[in-house]
Amino acid sequence: MFRRKKDFYVNARAVIERSGEHGREVLLQVRAKPGQPRTLELPGGQLDPFESIPAALRREVKEETGLTVTTFLDDPRATTSSAPGGDVECLTPAFVYQTTRGPVDSVGFFFRVQVSGEPLARGDHAEAPRWVPVRDLRTQIHTRPEDFNWLTLAALRHLNAHAWADA
């Protein structure tokens, strides 16, 4: 039988985008969790037991930023199925990640979204949100990668290679 030695986390994470005066912009925040580096990150966090992935995404965005998810930029094509053994929701995220080395063992689902409201100055383990143009992110990723949380750096590199390749 398969047994895990350590905790295993499943996360929902948001790439919050908008059109700004400098083109496409993304909301970044500073991680403000005691004992952890204060780096730039994208909002998101762990799913609660039996919580749907979109519900977790909405909850985490609200807790960390105060913003309300209004639109998924990539159609998640959600379907649900019920059977005597349980209920299952299937959907398509913008992309999936898996840590293969590092401080935590996790998989997560990133969704590109739009939001309404104004960001909180300080949310749940996050503060100092700011809108950053994608073109500036590209420069910062190459010149100051240490500014970013390791998961966020991987996600931004992935988006630059795929979803934002033409931006």
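Visitor: Is Glu-41 buried or exposed, and how do I read that?
Guide: Look at relative accessible area: under 20% is buried, over 50% exposed, and partly exposed lies in between (1.4 Å probe, protein chains only). Glu-41 has 3% relative accessibility, so Glu-41 counts as buried.

Visitor: What kind of model are we reading?
Guide: This is a predicted model, where local features need pLDDT of at least 70 and side-chain atom pairs count only at pLDDT 80 or more, while totals for chains, interfaces and linings use all residues. Residues are numbered from 1 along each chain as its sequence is written, and side-chain values use heavy atoms, leaving out hydrogens and water.

Visitor: Which side chain does Glu-41 meet in a salt bridge?
Guide: Side chains of opposite charge can pair when their charged atoms come close. The cut-off for a salt bridge is a side-chain nitrogen of Lys or Arg within 4 Å of a carboxyl oxygen of Asp or Glu. Here Glu-41 meets Arg-31, at 2.9 Å from N to O. The pair links distant parts of the chain, with Glu-41 in strand β3 (residues 40–41) and Arg-31 in strand β2 (residues 23–31), 10 residues apart. Strands are DSSP runs of E, at least two residues, numbered from the N terminus. Arg-31 is buried too, with a relative accessible area of 18%.

Visitor: How many salt bridges are there in the whole structure?
Guide: The search finds 14. Glu-17 takes part in one with Arg-24, the closest N and O atoms being 3.3 Å apart, and in another with Arg-112, at 2.6 Å. Because Arg-112 lies in strand β9 (residues 105–116) and Glu-17 in strand β1 (residues 8–20), their pair ties together parts that are 95 residues apart in sequence. Glu-17 is buried at 5% relative accessibility and Arg-112 is buried at 11%, whereas Arg-24 is partly exposed at 27%.

Visitor: What about aromatic rings: how many pairs are found?
Guide: A pair of aromatic rings is described by the distance of the centres and the angle of the planes. Rings of Phe, Tyr and Trp (its six-membered ring) pair if their centres lie within 6.5 Å; planes under 30 degrees apart are stacked, over 60 edge-to-face, and the rest tilted. The search finds 3 aromatic pairs. Phe-72 and Phe-111 have ring centres 5.5 Å apart and planes at 90°, so this pair is edge-to-face. Both Phe-72 and Phe-111 are buried.

Visitor: How do the rings of Phe-95 and Phe-110 sit?
Guide: Their centres are 4.8 Å apart and their planes at 15°, so the pair is stacked. Phe-95 is in strand β8 (residues 95–98) and Phe-110 in strand β9, 15 residues apart. Both Phe-95 and Phe-110 are buried, and together with Tyr-97 they form one aromatic cluster.

Note on methods: Helix = DSSP H or I, 4+ residues; strand = E, 2+ residues; numbered from the N terminus.
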